[in-house]
Amino acid sequence: MVNTFKIYKPLLRATMKLAGVRPQKIEVEPGTVMNIWAPTRSKKNANNGKKPAVVFLHGFVGDGILTWQFQVLALARDYAVYVPDLLFFGGSSTGDGRRTVGFQAECLAKGLAKLGVQQCTVVGFSYGAVVAFRLAELQPELVESVVATCSGPVVTESLTRECLERLGFPTWSEFLLPDSASALKKLLEIGSFHFPRFPKCVFKHGLEVMFDYRKERAELLEALVIPDEDFAFPRYPQKVHLVWGENDRIFPVEEAKSLKIKLGDNATLVCIEKAGHIVTVERPFVYSKCLKKILASIYKAGHAK
């Protein structure tokens, strides 16, 4: 049977091109290449043009454009949309041995600079939200604001223990790097409020195309978790907008409320009902509507607040 994802990807690519974005391979440093979906004329549409730049960072399951396809279609007319594949996802890879969130953020900043992006709002989902927070911390002149979906700035050892015990997994790798169709189905069911029924072959096909670089991704997950004593909550100069699935079972909404308190008056929180962790794909139209409101509050008449 032909892999359904392999059929869908060329159709998705064609749709994105019609929306005005196309993939570009950017060598951010020798041996490190990032694939970034960018406006067809990225130099013109970056900050030298009229459209504000919005950068979308994906989570640990799927690449950039698969995660954010609905939001690209919703926003590409009014914003210069950039959708990178983080290292070891999609078309991005490196020969460098570093696996930290900081290294992801550094490479992303270099890739965006080569595309002419001087300022942007960064929208991150799950693992991508952690990278977004780190990018905001490292490059405050680049990141005007952060929209963090279903994750805070770090994953500590205590948070890891709490989450994995609740979910029934010994490690993040065993949860996020499924090795069978049934394991992938369970992952998506846990990540959803109500996951629709699909034939088993769909999960088998997804497993074949969505989980390459398994060794490197396991190393990313290992580097993601930090000791509690090594983390001091940063003070972000940027406005932070939190968007959460009300029924998130991975990082429950109580985590979002606690995070908002820590961020102080600089943060807002919106909870989307009947949505789990994968809110961006489970309720894409509600999420896109919410995101449009957030971006409208950040950019007025083409100018940042």
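# A tour that starts at the largest pocket

Select V61, L188, M210, I278 and V281: of the 42 residues that line the largest pocket, these lie nearest its centre. The elements giving two or more residues to this lining are α1 (4-18), α3 (64-75), α5 (127-138), α7 (172-176), α8 (181-191), α9 (200-210), α10 (214-224) and α12. The pocket has a volume of about 980 Å³. Its lining divides into 29 nonpolar residues, 12 polar and one charged.

Some terms for this stop. A pocket is an open set of points on a 1 Å grid over the protein atoms alone, where a 1.4 Å probe fits, with protein on both sides within 12 Å along at least five of seven lines; lining residues have an atom within 4 Å of a point. The volume is the space filled by probe spheres set on the points, which are joined across faces, edges and corners. Nonpolar covers Ala, Val, Leu, Ile, Met, Phe, Trp, Tyr, Cys and Pro; charged covers Asp, Glu, Lys and Arg; the others, Gly among them, are polar.

This is a predicted model, in which local features need pLDDT of at least 70 and side-chain atom pairs count only at pLDDT 80 or more, while totals for chains, interfaces and linings use all residues. Residues are numbered from 1 along each chain as its sequence is written, and side-chain values use heavy atoms, leaving out hydrogens and water.

**Zoom out: the whole chain**

Show the protein chain as a cartoon. It has 13 helices and 13 strands (DSSP runs numbered from the N terminus: helices H or I of at least four residues, strands E of at least two). The C-alpha trace spans about 50 × 45 × 40 Å along its principal axes. Of the 305 residues, 51% count as buried (under 20% relative accessible area; exposed is over 50%, partly exposed in between, with a 1.4 Å probe and protein chains only). Among contacts between residues at least 6 apart in sequence, 73% join residues at least 24 apart (contact means heavy atoms within 4.5 Å).

**Helix α8**

Now select α8. Here A181, L184, L187, L188, I190 and G191 are buried. The buried residues of α8 pack against α6 (157-167), α7, α9 and α12.

**The annotated span**

Go to T149 in strand β7. T149 is buried, at 0% relative accessible area. Leaving aside residues up to four places away in sequence, T149 touches G124, F125, S126, A129, V243, V279, T280 and Y287.

Step on to C150, in the loop between β7 (143-149) and β8 (155-156). C150 is not a glycine, yet has a positive phi of about 60 degrees. Is C150 buried or exposed? With 0% relative accessibility, C150 counts as buried.

**K274**

Select K274, in the loop between β11 (267-272) and α12 (279-282). K274 also is not a glycine, and its phi is positive, about 55 degrees. K274 is exposed, with a relative accessible area of 52%.

**Last stop: K25**

Find K25 in strand β1 (residues 21-29). K25 is exposed, at 56% relative accessible area. Beyond residues up to four places away in sequence, K25 touches V33, M34, N35 and G91. Draw a distance to V146: the two C-alpha atoms are separated by 25 Å, and K25 and V146 are 121 residues apart along the chain.
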